[in-house]
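Colleague: I would like a close look at a single part of this model, with the cut-offs spelled out as you go.

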Amino acid sequence: MADTTFTHSPATTDRGRRWVVLYLATTGLVLLLMMLAGLWMRLAQAGWVYTDPALFYQLMTVHGTGMVGIAALGGAAVLWHFLSAHVRLNSRVMGANFGLFLIGVVAILVADFPGRFGGAWTFLYPLPATSQGAWPAWAAALHLGGLLVIGVGFLIWCLELARGIIATYGGLGRGLGWHVLFGGSMRDVPPPTVVAATMVTIVTTLALIAGALVLVMSLINLAFPAVEINPLLAKNLIYFFGHTFINATIYMGVVAVYELLPRITDRPWKTTKVFLAAWTLSTTMVLIIFPHHLLMDFAMPVWAMAIGQVFSYVNSFPVLVVTGLGALAILHRSGIRWDLVSTLLLISMFGWMAGVIPAVVDATVVVNSVMHNTMWVPGHFHFYLLLGLLPMMFAVMIHLARGEDTRPQGSDLTALLYLLFGLGFVSMFLIGGWASVPRRWAEHLPEWQIWDQVASVMAVGVIALTTVFVAMFLVRTPAILREG
Ligand code: HEM
Ligand SMILES: [Cu+2]
């Protein structure tokens with residue numbers, strides 16, 4: 001049963017581990033492909049590679065959808081890997097999710113390339129049905145259908161997590177440690193990974209239900225255009241889904257910090273009441289702050305906007321603070337020998353914390369009325385995804401690749417270079433946003449292109465280093481699978 005402290009038991013079942021490795025290998029390869037699509041867009045904006053604008057929007061749709069999907073697949077692998085040491089999970093669910101994911105990906109690729117769908121990963125109603133001839137209705141339907149299939153896969157996956165947590169801990173509230181937080185009991189204190197997993201399960205399930213609802217509504221609208229949807233309702237559902245789903249990927253990835261830093265320093269990461277309170281607060285807040293995506297929608301009720309702004313300020317802080325301070329406490333005088341894994345984990349915490357700042361800035365109404373739909377927006381989310389989430393995943397890949405060999409491995413110089421190129425890359429988005437360069441424009445004015453050009457060079461560096469990390473994992477994949 002549950003332990004108050006961190007346990008070393010690598011109880012992942014053989015087959016579960018195989019799926020984790022397959023998920024991570026897929027994640028590495030898809031990340032690289034999607035990064036190349038991103039580079040292509042940046043080169044087009046820079047004026048260095050001519051790209052038909054219609055193709056730009058197809059690439060943008062594939063890149064956005066693909067990156068969000070693969071962030072979730074990689075995050076799911078990280079979470080599953082560590083959670084299965086605490087909770088018995090049925091690995092067939094990993095297979096089902098993977099199968100549905102692949103079916104969805106094929107559907108989306110067909111819809112977006114031969115079908116020319118370019119309605120962005122946010123598929124905002126009524127755009128899929130009103131392409132003005134840019135893509136046929138079947139392509140929009142296939143794209144939305146592909147998303148729905150992928151969503152169903154992740155929903156099944158979430159339900160298995162919920163089942164496992166409930167079976168082991170006696171309920172989702174106990175997974176969040178409410179019996180400790182409110183009841184003062186010190187029995188069955190859930191380890192940090194279980195707390196994070198419970199939060200992820202709750203918020204992702206709700207996000208997926210909202211997403212499935214609006215996808216079905218949009219599909220009906222595509223089939224029967226006379227059946228209209230309330231556009232404001234559709235937008236609320238889409239952003240509740242999109243905001244929550246992508247945010248949850250970081251909460252999946254952060255368990256890498258909770259599990260790997262203790263192993264590296266040989267010190268436990270204990271669950272404290274402050275830790276539990278922080279996770280419970282973030283569980284509720286991440287669900288109610290999505291109206292920060294609708295600050296310019298005058299038809300929204302003012303109270304919803306007020307919640308969106310005020311809680312956006314506080315949402316990330318509880319978990320960020322307990323994670324940051326917890327990590328510092330573990331590292332302080334630990335005599336740690338820095339290597340690639342620990343450096344990547346430290347970078348991930350920096351990237352997450354620093355990336356939240358431009359996000360919070362943009363969630364302020366007066367700022368949003370200027371920055372809305374500028375490059376500031378891709379600036380903030382590339383910051384915490386590229387420099388927060390991805391290093392967590394790379395750290396787990398390299399941790400698995402080194403197996404039983406506990407000697408420091410890999411050069412932390414590569415991690416530092418990744419940080420530098422990454423910072424250079426995201427700053428160009430932020431500077432562009434500061435100068436009011438609009439986001440999602442296939443063609444840029446010559447005055448803006450200097451930032452696009454610098455960003456393109458930086459992106460090449462990011463891609464080169466990502467190749468190094470992914471290759472370190474892929475060359476060891478057959479051996480990891482043999483070790484079981
Ligand atoms: C070398 C790495 C990357 C490059 C070169 C790149 C490039 C781009 C570019 C040029 C855009 C369009 C910006 C605009 O004009 O609006 C974009 C959008 C986007 N990117 Fe990336 N990106 C990279 C990595 C990532 C990563 C790691 C993620 C997530 C895990 C990600 C997720 C997204 C999303 C969600 C969008 C929004 C698409 C939309 O507006 O619908 N990107 N990226
Ligand atoms: Cu958001």
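Is S84 buried or exposed, and what is its relative accessible area?

Modeller: This is a predicted model, in which local features need pLDDT of at least 70 and side-chain atom pairs count only at pLDDT 80 or more, while totals for chains, interfaces and linings use all residues. Residues are numbered from 1 along each chain as its sequence is written, chains are lettered from A and ligands numbered from 1 in the order in which they are written, and side-chain values use heavy atoms, with hydrogens and water left out.

S84 is buried, with a relative accessible area of 11%, where buried means under 20%, exposed over 50% and partly exposed in between, for a 1.4 Å probe and protein chains only. The residue sits in the loop between α2 and α3 (92-112), helices being DSSP runs of H or I with at least four residues, numbered from the N terminus. A polar atom of the S84 side chain lies 3.2 Å from the backbone oxygen of H81.

Because H63 lies in helix α2 (residues 53-83) and H382 in helix α15 (residues 376-402), the pair ties together parts that are 319 residues apart in sequence. H63 counts as buried at 12% relative accessibility, and H382 counts as buried at 16%.

Notes: Helices (H or I, at least four residues) and strands (E, at least two) are DSSP runs, numbered from the N terminus. A polar contact is a pair of N or O atoms within 3.5 Å; within protein, one must be able to donate a hydrogen and the other to accept it, and residues adjacent in sequence count only if both atoms are side-chain atoms.
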